[in-house]
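I want to look up a few side chains and who they pair with.

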Amino acid sequence: LESWNCRRELYAALALSRPFIPIHEADTAKGGASLAALEAECRDNCVEVAPPAHPSYSGPEEVLGNIFANEAPIVWVRVHEFQLESLKAIALRILRHCVRYM
């Protein structure tokens, strides 16, 4: 979340009450990090006051509450068989947010 463009998309999704499906890349060699490190990065970087995409933004706790509090992140594992399971889990969560699927 160091990227302003990433945060701008995040704020727009929050403003529109879009569902979040967090995917966790745990492999540090591939840019991943621990969940604690990701939460700390969010607290450090999501500090804008009234960003244009979300004027009523209330701070990093709003982001953390929407991303980490509702459902556990899906772990992305880079072994083919496990990638397929991660993709199935992502698809299932997407379907849960589709009105016609419910």
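For polar contacts I take a pair of N or O atoms within 3.5 Å; within protein, one must be able to donate a hydrogen and the other to accept it, and residues adjacent in sequence count only if both atoms are side-chain atoms. Housekeeping: this is a predicted model, where local features need pLDDT of at least 70 and side-chain atom pairs count only at pLDDT 80 or more, while totals for chains, interfaces and linings use all residues. Residues are numbered from 1 along each chain as its sequence is written, and side-chain values use heavy atoms, with hydrogens and water left out.

**Entry 1: H24**

I started with H24, whose side chain reaches the backbone oxygen of A33 at 2.6 Å. H24 sits in strand β1, residues 23-25 (helices are DSSP runs of H or I with at least four residues, strands runs of E with at least two, numbered from the N terminus). Buried or exposed, I wondered about H24? H24 counts as buried because its relative accessibility is 9% (buried is under 20% relative accessible area, exposed over 50%, partly exposed in between, with a 1.4 Å probe and protein chains only). Leaving out residues up to four places away in sequence, I listed what H24 touches: A33, S34, L35, L38, P73, I74, V75 and W76 (contact means heavy atoms within 4.5 Å).

**Entry 2: salt bridges**

Next I searched the whole structure for salt bridges and got six (a side-chain nitrogen of Lys or Arg within 4 Å of a carboxyl oxygen of Asp or Glu).

One of them pairs R78 with E25, with the closest N and O atoms 2.7 Å apart. R78 is in the loop between β2 and α4 and E25 is in strand β1, so this pair ties together parts 53 residues apart in sequence. I noted E25 as buried at 15% relative accessibility, and R78 as partly exposed at 43%.

R43 and E61 also meet in a salt bridge, 3.2 Å from N to O. That pair links helix α2 (residues 35-45), which holds R43, to helix α3 (residues 60-67), which holds E61, 18 residues apart.

I then checked R93 and E71, which form a salt bridge at 3.7 Å, N to O. R93 is in helix α4 and E71 in the loop between α3 and β2, 22 residues apart. Salt bridges with shared partners join E71, R93 and R96 into one network. R93 is buried, with a relative accessible area of 12%, whereas E71 is partly exposed at 26%.
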